[in-house]
Amino acid sequence: MTFPTQRPRRLRRSEALRRMVRETALDPRHFILPLFVTSGQNVRKPIASMPGVFQLSVDNIVAEARAAHALSIPAVLLFGIPDHKDALGSSGWDAQGPVARCVRALKDALPDLIVITDVCMCEYTDHGHCGALVKTRDGGVTVDNDSTLELLAREALCHAEAGADIIAPSDMMDGRVAAIRRALDQSSFGDITILSYAAKYASAFYGPFRDAAQSAPKAGDRRGYQMDPGNAREALREVRLDIEEGADMVMVKPALAYLDVITRVRDAVDVPVAAYNVSGEYSMIKAAAAAGMIDETRAMLEVLLSIKRAGADLILTYHAIEAAKALGA
Ligand code: PBG
């Protein structure tokens, strides 16, 4: 009988030992809570495909953000649900629209909370695409890159004027970081941070979000602008371009099916890397737990830990509040 000399189990003998040698740990200070802001007063409208997530009016967003902040969550990400949609998404740069009003209310009530705004046209266009449509030579339609840049810059400026700390463009148009950076700099917002959704894939995991934000495209899909799921090298190209254009932080989205991309991006750049634990990833856990198939809290923490271990510095997640509570924050 020979005995093993290498015994990794010696380090697993007690919780105290396991805790001491643990390589990666979650911390609520790295969480960002996404919120859906709608008009009205005291509105709390459930989203059928995202149990526990609501469309909230500004007053209720302030309450939710206050609860998050008390749990050491430093930042929220706002998505707007406008009353009015049109072909160009003009509500996107309305200073009286839900996002601008919400930013002002949050900065007023919670000056230390970091307010991030999602900049994209799909919540505001009547066709549901992320920019202005044009006809193609073969008679189809597509999102026009360069005229969309002007719309995105107007939206970013509107959010900055309201007091947003960080602008997060999620549209995937070429050159949008440069266009937004230029617009901000020219209007004395040179200190406003840009977090770009740099490597954003055309993913089935956004399904529940499109319910929540009422932003599904009426016709066609987003594969003409969001990335192809087969590509990882291309993510590095997108990330480098965005950093050259002035992005201060970059994001990989979704997270779970793209952990390899998170790792490669982390290794390739020096700026903070965020990962978006998207709606479909959230709802899968909720559905499996509701069916009694998994332990919800453990599965949630394990998923978030995997995203951190892959290399994400920051995690955008609808689980932020429950995860912070589970961590004992
Ligand atoms: C807007 C946007 C989307 C998400 C974030 N910003 C949807 C999309 O691209 O269709 C998805 C977030 C999620 O699924 O949680 N373009």
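Ala, Val, Leu, Ile, Met, Phe, Trp, Tyr, Cys and Pro count as nonpolar here, Asp, Glu, Lys and Arg as charged, and the others as polar. Keep that at hand for this tour of a predicted model.

**Stop 1: the largest cavity.** Select Cys-122, Lys-200, Phe-209, Arg-222 and Lys-253. Of the 15 lining residues, these lie nearest the centre of the largest cavity. Strand E9 (193–200) and helix H6 (207–212) each give two or more residues to this lining. By class, the lining holds six nonpolar, three polar and six charged residues. The volume of the largest cavity is about 110 Å³.

**Stop 2: helices H3 and H4.** Now select residues 98–109 for H3 and 145–162 for H4. Their axes come within 8 Å and cross at roughly 25°. H3 is therefore roughly parallel to H4. The crossing is right-handed. Show side chains next: Val-99, Ala-100, Val-103 and Arg-104 of H3 meet Cys-158, His-159 and Ala-162 of H4. Five of these contact residues are nonpolar, one is polar and one is charged.

**Stop 3: the second largest cavity.** Stay with Val-99, Ala-100, Cys-158 and His-159, which are among the residues lining the second largest cavity. H3 supplies the largest share, three residues. The space inside is about 50 Å³.

**Stop 4: the largest pocket.** Finish at helix H10, residues 296–310. H10 gives five residues to the lining of the largest pocket, the largest share. Select Arg-298, Leu-301 and Glu-302, then Arg-19 and Arg-22; all of these line the pocket. Which classes make up the lining of the largest pocket? Five residues are nonpolar, one is polar and five are charged. The volume of the largest pocket is about 440 Å³.

Key. Residues numbered from 1 in each chain as written. Predicted model: local features only at pLDDT ≥ 70, side-chain atom pairs only at ≥ 80, totals over all residues. Heavy atoms only, no water. Axes fitted to C-alpha atoms, helices over the stretch in contact; angles between N-to-C directions. Helix = DSSP H or I, 4+ residues; strand = E, 2+ residues; numbered from the N terminus. Parallel < 35°, antiparallel > 145°, perpendicular 65-115°, else oblique. Left-handed = near helix turned anticlockwise from the far one by under 90°. Contact = heavy atoms within 4.5 Å. 1 Å grid on protein atoms, 1.4 Å probe; cavity = no way out; pocket = protein on both sides within 12 Å on 5 of 7 lines; lining within 4 Å. Points joined across faces, edges and corners; volume = space filled by probe spheres on them.
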